[in-house]
Amino acid sequence: MISMLYPKMTRTRKVIDLGGMWKVYFGFENQGEDFSKGIPGKDYIPVPSSFADLYTEKKYREFCGDIWYETEFVIPEEWKGQRLEIRFAGAAHRATVYFNGRQVTEHEGGFTPFGADVSETAIYGEKNLLVVKVNTELRATSLPNGETKQLKNGTLMAIPYFDFYNYTGIQRSVKLVVTPFTRIADYDLTYEITGNDAAVNYRVLVQNLKENQEVELEIRDEEDKKAASVKGESGRAEIANVRLWQVRDAYLYRFIWRVWEDGKLVDEYEEPIGVRTVEISGTDILVNGKPVYLKGFGRHEDSPVNGKTFAPCYLKRDFELMKWMGANSFRTSHYPYAEETYQEADREGFLVIDEVPAVGFVKRSGMAMFQNAGSGVKPTSFFAADTTQELLENHVNVLKELVQRDKNHACVIAWSLFNEPESISEEASAYFKVVFDKAREFDPQKRPRTFAMELSSGPDAKCCHQYCDFWTMNRYYGWYVKGGYEISDAMIAFRKEMDEWASQDPVKPMVFTEYGADTLSSEHKLPSVMWSQEYQLEYLELYHELFDSYPFVKGEQVWNFADFQTVEGIGRVNGNKKGIFTRDRQPKDSAYLIKKRWEELPLDYKGGE
Ligand code: BDP
């Protein structure tokens, strides 16, 4: 098993970043050939990167199939006797890894880490060859969901059932992690807060732990003073006068794990950890027992030229902009983001709804995707396919990897298990039950679970929203449903729907995870027309009024933080333009409107109502 812990240098561990220019081979004519012992050609590409926007020819941008990557490096002789792991933070959508000509692992899913122990396959004191085959196809069994079709000229083309560009490749870091064979591989934390004190219940997994070895947890505060110290593979650490992690007021303790043998340090690992609790009570979302109102965004990992490459400058800029707006939360729509995003959210005190890449579970592509959003047509057959069982296995697996990776982050307050799936058939219900139960089973902190519901998952569709601990809504009244001059009718329909949610038993906290209008930053029009900046402002004001009039609405995450790339087509002008910021992160007029509102809304807005 590889460890999902973020790779860190400590007194007992080395981490070598293998990123840089790697040789690459796009199998235009040679799909299916085996290059595991070395790849042909002379083309080099940055790793990590999304390849799509790097080249000047369409056949690269739209490439679908197997891509081969290769790099080589020397492993020093003196690392013999230690555990060497090659760790990929994410390669989309599936990868096979070969080390010195031998397959060492394969992985399905583009947004969670995987890797292999290569201690045995390594050649010490000499060059080692790392080859990776990445397959970029979308399939009926893949998360995200879609299909791959063959054009008449033989070329493969990815057809996403979702509205973001299918950026692929080795998009996140690749690292060589050198640790002792006895190593800290995983740990779980839960908290009990009583008065000024906190009890931390923990369980740590140490691989190859010997009988004469002892495990220790030391907790140090931000002034580097010892807050607690305990021994054993599981137990309870008491922090007196605890400083809790609060929304936009983060406090992080250092949790240091050690393994000792006869007074000698065997392994050491540490992470910054925020102590906080999360629960749902009535129509409130409680953090540390106090109601919170979520203000923020649905986002994407998307930026010019980078595509979905993890881009640290955009990470920083995006957090600065979110803080400037007065935001306190976001959803990782529609897939797990790079690990560094959650680390930053921990430091900045942001609340994160962490989403599984279960998007496109309606089998719609192109124009049909958004036309349907307003048509009232209820999709019912998605989960009745022959491929459903395999899809479910992949879904549960990626959920397991996600929870394992992110479970100790204070910022993660909820799991979003799907985005806009078909949710009204019996087959859907059976499928949902498994996924929701698994989320509960995997998460030691038992965080609230939800799925982002589109219009056909309305209050009448009892079969699936019953599984949610809180409701999350994606609504486009006034855009896909009766846009423009008809928006007054759209808002009447919207209020009718809201009244039905208000009469559910029980009523649960509702967070709007999507609402928005495509807006070209170049367009001004008085009076407004759809796509103008004025229309986005009018649309948002109507939504704010509606949110304010329903006490159980406990959050608003506008769609989208920034304009982002989509496939080409007649419904999108080189991308989705619902951003409050442009793709290069400059504000549209709407940013000032929302900023004013969010700066004024108190954190406990409508708490207890
Ligand atoms: C929703 C999807 C989101 C789209 C958005 C839109 O969840 O991914 O980008 O609609 O159409 O259906 O803008």
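Mentor: Two strands pair if DSSP finds at least two bridges between them; helices (H or I, at least four residues) and strands (E, at least two) are DSSP runs, numbered from the N terminus. The model is predicted, with local features needing pLDDT of at least 70, side-chain atom pairs counting only at pLDDT 80 or more, and totals for chains, interfaces and linings using all residues. Residues are numbered from 1 along each chain as its sequence is written, and side-chain values use heavy atoms, leaving out hydrogens and water.

The strand to examine is S25 (residues 294-298). Five of its five residues are buried (under 20% relative accessible area, with exposed over 50% and partly exposed in between; 1.4 Å probe, protein chains only), so S25 is largely enclosed by the rest of the structure.

S25 pairs in the parallel sense with S32 (residues 553-559) over five bridges. Within this pairing, Lys295 has Glu556 as its bridge partner, and Phe297 stands opposite Val558. S32 is itself mostly covered, with seven of its seven residues buried.

S25 also pairs in the parallel sense with S26 (residues 329-331), over three bridges; here Gly296 is partnered by Ser329. S25, helix H2 (residues 312-325) and S26 form a right-handed β-α-β unit, where right-handed means that, with the strands pointing away from the viewer, the path from the first strand over the helix to the second runs clockwise.

S32 has a further parallel partner in S31 (residues 510-514), joined over three bridges, with Val511 opposite Gly555. The chain passes from S31 through helix H9 (residues 533-548) to S32 in a right-handed β-α-β crossover.
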